[in-house]
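Colleague: I'm new to this one. Could you walk me through its pockets and surface?

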Amino acid sequence: MGRGRVQLKRIENKINRQVTFSKRRSGLLKKAHEISVLCDAEVALIVFSTKGKLFEYSTDSCMERILERYERYCYAERQLQANEIEPNGNWTLEYSKLKARMEVLQRNQKHFMGEDLADLSLKELQSVEQQIDSGLKLIRSRKLSFAEPTHASIHFRASEKGQVIERAKQLACKEGKRKGEATEPRGAVQGTAAAAKS
């Protein structure tokens with residue numbers, strides 16, 4: 001025997017309302033998961049309870065990516081409609097688009113600063129971690145690009161200094177040889193003459 005049709009109106013009893021919310025929420029999340037698996041659809045579901053608690057579901061891709069796709073789609077549709085509306089309508093459209101984008105960026109910034117992480121799923125946390133890692137790699141490579149010219153100039157100066165010292169040694173040796181050649185033949189002649197006499 002089936003149940004009768006439920007009349008759709010606000011449930012007055014607070015406990016019954018909370019139980020119904022919990023059951024229907026889990027049923028809704030289950031249906032969202034089923035449609036994403038069965039139909040290979042990208043699904044993003046956001047539910048706020050009366051107390052303001054957030055419940056969300058997204059397919060394998062990140063919730064932010066799906067929301068950004070939604071924003072682009074809505075923006076394109078609004079653009080088409082705005083062409084038909086007076087120019088003042090463009091400003092309100094632009095304002096709402098920028099406001100939504102700002103909220104997404106502020107939420108991402110909080111996540112990057114380590115705030116409001118309690119509501120994130122494991123996949124979202126991994127996505128945030130990956131974005132931070134790639135940002136750190138870019139920062140480190142930029143720092144190295146500043147350091148490389150300094151290291152190169154130090155290395156160049158050191159090699160230049162070594163070349164100057166080497167050149168000075170060579171010149172000193174040549175000078176020494178010249179002075180030695182000028183004095184050596186006399187000493188060598190005297191030494192050879194003395195050796196010949198003995």
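Predicted model: local features only at pLDDT ≥ 70, side-chain atom pairs only at ≥ 80, totals over all residues.

Colleague: What makes up the lining of the largest pocket?

Modeller: There are 25 lining residues, and Ile46, Leu67, Glu103, Val104 and Arg107 lie nearest the centre of the largest pocket. The pocket's volume is about 590 Å³. Strands E1 (44-48) and E2 (54-58) and helices H2 (63-84) and H3 (88-112) each supply at least two residues of that lining. H3 gives the largest share, nine residues.

Colleague: How do you know what classes of residue line the largest pocket?

Modeller: Sort the lining by class and you get 11 nonpolar, three polar and 11 charged residues.

Colleague: And the second largest pocket, how much space lies there?

Modeller: About 400 Å³. It has 14 lining residues, with Val6, Lys9, Ile11, Thr20 and Arg24 the closest to its centre. By class, that lining splits into four nonpolar, three polar and seven charged residues.

Colleague: Which residues make the nonpolar surface patch?

Modeller: Phe112, Ile132, Leu136 and Ile139 make it, and the patch covers about 320 Å². Helix H4 (residues 122-197) gives the most, three residues, while Phe112 lies in helix H3.

Colleague: Why is Phe112 called partly exposed?

Modeller: Buried means under 20% relative accessible area and exposed means over 50%, with partly exposed in between. Phe112 has 38% relative accessibility, so Phe112 counts as partly exposed.

Colleague: What makes that enough for a patch?

Modeller: A patch residue needs over 30% relative accessible area, and Phe112 is at 38%.

Note on methods: Residues numbered from 1 in each chain as written. Heavy atoms only, no water. 1 Å grid on protein atoms, 1.4 Å probe; cavity = no way out; pocket = protein on both sides within 12 Å on 5 of 7 lines; lining within 4 Å. Points joined across faces, edges and corners; volume = space filled by probe spheres on them. Helix = DSSP H or I, 4+ residues; strand = E, 2+ residues; numbered from the N terminus. Nonpolar A, V, L, I, M, F, W, Y, C, P; charged D, E, K, R; others polar. Patch = residues over 30% accessible without salt bridge, like charges linked within 9 Å, V, L, I, M, F, W, Y side chains within 5 Å. Areas by Shrake-Rupley, 256 points an atom, 1.4 Å probe, with all protein chains shown as cover. Salt bridge = Lys/Arg side-chain N within 4 Å of Asp/Glu carboxyl O. Buried < 20%, exposed > 50% of the residue type's maximum accessible area, 1.4 Å probe, protein only.
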